Amino acid sequence: MATVIDGKVVAQTIRSEIADEVRLLSQKYGKVPGLAVVIVGNRKDSQSYVGMKRKACAELGIKSFDVDLPEQISQAELIKQVHELNANTDVHGILVQLPLPKHINEEKVLSEISLEKDVDGFHPLNIGKLAMKGRDPLLLTLVSKLCDPHYTKPACLELLQRSGVTIKGKKAVVVGRSNIVGLPASLLLLKADATVTIVHSHTSQPENIIREADIVIAAAGQPKMIKGSWIKPGAAVIDVGTNAVDDPTRKSGYRLVGDVDFEEASKTAGWITPVPGGVGPMTVTMLLKNTLEGAKRYIE
Ligand code: GUN
């Protein structure tokens with residue numbers, strides 16, 4: 001049976017380190033880190049993610065600037081709001097929750113976030129730096145989903161390393177090529193000297209490629225797509241999928257499942273992250289860490 005990597009425990013450790021630093025920063029320098037969380041419209045999933053981010057800010061002593069905008073807002077007006085947050089010296093991190101309504105060009109909006117406040121790491125220039133050898137984004141997050149507090153040590157890598165998994169020289173397969181997870185995850189693994197293959201919707205027989213992987217990063221957004229029989233014995237499996245599936249037995253009417261069939265895969269894998277409770281708790285934690293780092297830049 002695989003060792004289950006508990007993201008909640010790792011995230012909690014990092015969160016208490018952040019809280020200590022936030023306290024110190026406030027007491028010694030009178031500087032309270034600030035995170036602006038911008039949401040457009042009423043998507044239920046986005047509302048729930050944003051709620052978690054704002055709650056976590058409050059728990060750690062980070063000031064949250066809540067910007068709730070109507071679905072019909074124009075792109076120009078949204079960009080104006082971003083510019084105001086860029087200019088606000090009490091705001092050290094800005095995130096615009098995705099996806100945005102169809103009439104808004106996401107890339108255009110993300111490009112307007114000041115580079116040093118880009119806590120999600122979604123600014124095209126920061127992604128570009130991630131792709132280049134020897135350079136890193138200002139705040140390496142993805143990347144928020146996968147990174148740990150030390151800029152160059154992504155959390156999935158940290159989770160793996162803490163579990164005794166070597167990345168250097170290993171075969172890593174990333175399933176999915178989204179701008180938010182798959183693509184940056186593959187670049188991060190490449191930087192960590194893995195041999196990286198990306199599997200996507202046009203890959204024929206992905207199972208044959210995944211079966212070769214020492215490390216699997218699942219970010220396809222397809223519930224339980226990766227079967228237990230696709231996993232190489234002893235492989236490390238990091239499941240970034242968070243898919244809501246109907247579950248009438250729950251009050252909410254749904255439950256979250258990953259891209260990996262956890263029950264099956266955990267019989268073969270060496271290490272595996274659960275959903276929920278694996279990579280998810282790291283996402284919010286890294287935003288907070290990056291906001292703290294953003295604030296520290298003002299006193300150093
Ligand atoms: N939508 C889904 N995941 C994320 C995320 O990590 N950041 C933002 N801004 N939007 C998202």
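**Strands and helices of the predicted model**

Helix α2 (residues 44–60) lies across β2 and β3 and runs at about 165° to β2. Helices (H or I, at least four residues) and strands (E, at least two) are DSSP runs, numbered from the N terminus. Axes are lines fitted to C-alpha atoms, for helices over the stretch in contact, and angles run from 0 to 180 degrees between N-to-C directions. Two residues are in contact if their C-beta atoms, placed from the backbone, lie within 7 Å. The model is predicted: local features need pLDDT of at least 70, side-chain atom pairs count only at pLDDT 80 or more, and totals for chains, interfaces and linings use all residues. Residues are numbered from 1 along each chain as its sequence is written.

Three strands form an open sheet in the order β3-β2-β4, with parallel pairing. Two strands pair if DSSP finds at least two bridges between them. β3 (63–69) and β4 (93–96) stand at the edges. Each has a single partner strand, so one side of each is left without a neighbour in the sheet. On average, neighbouring strands of this sheet are turned by 15° against each other, direction ignored. Strand β2 (residues 34–40) runs parallel to β3 and is joined to β3 by seven bridges. Val40 stands opposite Leu69 in β3.

A further helix, α10 (residues 280–296), lies across β2 and β4. Helix α10 runs at about 145° to β4. Helix α1 (residues 7–29) packs with α10 at an angle of about 20°, with the axes 9 Å apart. That makes α1 roughly parallel to α10, a term for angles under 35 degrees. The contact includes Ile14, Ile18 and Leu25 of α1 and Met282, Leu288 and Leu292 of α10. Its residues divide into 11 nonpolar, three polar and five charged. Ala, Val, Leu, Ile, Met, Phe, Trp, Tyr, Cys and Pro count as nonpolar, Asp, Glu, Lys and Arg as charged, and the others, Gly among them, as polar.

Strand β7 (residues 215–218) pairs with strand β5 (residues 171–175) in the parallel sense over four bridges. Here Ala172 stands opposite Ile215 in β7. Four bridges also join β7 to strand β8 (residues 236–239), and these two run parallel. The bridge partner of Ala218 in β8 is Asp239. Ile215 and Ile217 point one way from β7, whereas Val216 and Ala218 point the other way. All of them are buried, with 20 or more other C-beta atoms within 10 Å of their own, placed from the backbone.

Conventions:
Angles under 35 degrees count as roughly parallel, over 145 as roughly antiparallel, 65 to 115 as roughly perpendicular and the rest as oblique. A residue is buried if 20 or more other C-beta atoms lie within 10 Å of its own, exposed if 12 or fewer, and partly exposed in between; C-beta atoms are placed from the backbone.
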